[in-house]
Amino acid sequence: MAKDTVTAPKYREFREIPVIVEGAMAESKPYAAKPAHQESVGFPGELVDNWQNVAVKKLGELVSESRALQVFLDTCVKCGACTDKCHYYIGTQDPNNMPVARQDLLRKVYRRHYTFAGKYFPKLVGALDFTEEVRDLWYSYFHQCSQCRRCSVFCPYGIDTAEISMAGREVLDSIGVGQKYCNEILGKVHKIGNNLGLPEPALVDTLEGLEEDLEEDTGHKIRVPVDEKGAEVLLITPSADFFAEPHIDGLMGYAKVFHQAGISWTLSSYASEAANFSMFIGSHENLKKAAMRIREAAIELGVKRIVVGECGHAWRVAYSFWNTLIGPFDFLDKKYPSPSHICEVTYDLLQKGAIKLDPEANDHRIITFHDSCNVSRASRMGDMPGGQFIIPRALLKAAANNFYDMAPETIHENTFCCGGGGGLLTDELMDLRVKGALPRMEALAEVVEKYDVNTLVAICAICKTQFAKVLPYYQFPMDMITSLHQVVGDAIILGENH
Amino acid sequence: MTLTVLYAILFYVAAIVFIGGVARKIYIYAKTPAPLKIPTTPAPITKPGVAWRIIKEITVFESLFKSNKWIWIFGWLFHFGLLLVLLRHLRYFIEPTWFWIDLIQPFGKYASIAMVVGLLGLWARRFLVDRIRYISSPSDHLMLLLLISIGVTGMLMTFFIPINIVALKGFIMGLMTFDFKPLPASPILMIHLALIIVLMVIFPISKLLHAPGLFFAPTRNQRDNPREQRHVQGWSAEGQQ
């Protein structure tokens, strides 16, 4: 959608809960995957014959393999606690973007085919057959969920809509109705090793250019090595860090930290991607396959530690799933958690005095921090619950003198999604993305007004790209969005320790 | 006499459906694997921490409290009222009654008011709040109607039209010991018991499964320790040594 047709919704004066507008986003849908994209991730190229039955059977299989689905599909009492918690509902007012209604799109079909009440009394309990109309609703509204888990924080039974939308997308994939953005990108990871499809020579070339920039900026020979056997650390980072703004400044920040701490490190051209979009489409075969490249690269390069760069869903996959999927990590150094987040590494070095920061270097910045959803509600940093909120803020406060949090109901585990997570970061969904950013932008506007905040820091590649695109719709400068390790990198005192 | 036999049979059937159905569901929840670690974080790291998290959910509805104060107050009034009312009803099942059951009798009596007020509040929201109106199915309304009817018929007997509770206890004890006694003839009691039978039968096939389900939600009952302890289950355990 062209920029001129998309406009940002107005800020809500008293943060009132918007009234429902049925069908408001019924037309929103991402581009369909082409046969080649589908087949590259192991799904049928186009709509299969007998798709109704295939879909219903697949749904039954998924439920029987997942306690979460089994329980979540039974336990919802329709209390309504979640109805005002989704940023897409707040921004679009479409009732199907209320978490319970989104879940019900799948629950109705499940009930029709797998429960007594739905089989014999479908009208009474609102059960539905999987018709073409229902299939279209699934495609539209399961692609209006960023799987941010905010609703699961507030649900009295812990029902996580992310699990439901992942299952819905997997059922659709299994009948040949995939989404282009996720499946095309995932195919590139399987073939080349990163989301961009950036082959080894191009990667090496890019990183060499980066080393030159770093030397020019700092006067120090700071390396950005790739495929160096015997390095201590393998850094797995989102490939957006290699070329996108402001991501690349974050990568230079990591390089400065490793350089100053004297830690040898390397990237891998084989496993040059932290992102794993398999999670968004709920496909565990793909999830494992994409993650396995990282284990292979770590063994091949003989590293002692794996460190993950700034990326939200990638950190969820790494922190919560890697040990399950590609562990055990018995070949790595047991002194460090496997994997470690780059923020954990930097924080640890700061505590030990191995690096020093000069906060005055960031005096031109008045900073606020956006908690990314997957980091906040699906992972941890450090050794205590909530470390994922404490550590990034501790780094920012050590690296800068001006830090202000946004309103408490919009940070930590209550954080609002940037509006572009969960495999929705594609141009044809710009209307949805702009509207979905509303609650975050409202909270940002408050601290801009109150404290003259001029820097919005994030630790997620998707958040950074999304904000760079969406901030201007809300009359903020796009370069407000900054990588955490750019702030750290600007403050780090180079050279003194060695 | 025929009514006694009918109710006796219905109660046995309802008890079998209720216990068997819920046990079956619990078995399914327990045996279905949780292949990945998905606790909603920040989550407890230790087992006692997880137990504490779930205890808070059951006793004070912690997540709901964070979420919506109206639903919380009505929901909590209903559930807490129901708990006291159920405890009060234990006197029909135990002879001689334990002293604390005697002790809570007056509280259980007035708790029925809290229970019905809570239910009416929840029902009102299904009409008055556009979002909740949108997500309500006929079954959601009927469930509230059923629970309110049980509460109101019970209150009628407690406060206005007393029944022969000694005879009722005889009937219930008789069912449990297979030493059958007649059911006291009271139309309101018949309605009250018939509705309870309906509730027992639909429990295992309805959203009332939220009660056992809460204990099995991986988002709430998993520890946050995926790096410290390798978790494999179901498909994620396949092909592991």
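**Exercise 1. State how many helices and strands chain A has, and compare its radius of gyration with that of a compact globule.**

Chain A has 22 helices and 7 strands, counted as DSSP runs (H or I of at least four residues for helices, E of at least two for strands). The model is predicted: local features need pLDDT of at least 70, side-chain atom pairs count only at pLDDT 80 or more, and totals for chains, interfaces and linings use all residues. Residues are numbered from 1 along each chain as its sequence is written, and chains are lettered from A and ligands numbered from 1 in the order in which they are written.

Next, the globule rule is 2.2 Å times the number of residues to the power 0.38, with the radius taken over C-alpha atoms. For 498 residues a compact globule would have a radius of gyration near 23 Å, and chain A agrees because its own value is 23 Å. The C-alpha trace of chain A spans about 75 × 50 × 40 Å along its principal axes.

**Exercise 2. Decide whether B:Ile58 is buried, partly exposed or exposed.**

Then apply the cut-offs: buried takes 20 or more other C-beta atoms within 10 Å, exposed 12 or fewer, partly exposed in between, with C-beta atoms placed from the backbone. B:Ile58 has 13 C-beta neighbours inside 10 Å, so this residue counts as partly exposed.

**Exercise 3. Find what share of the residues in chain A is buried.**

With the cut-offs of Exercise 2, buried residues make up 60% of the 498 residues in chain A.
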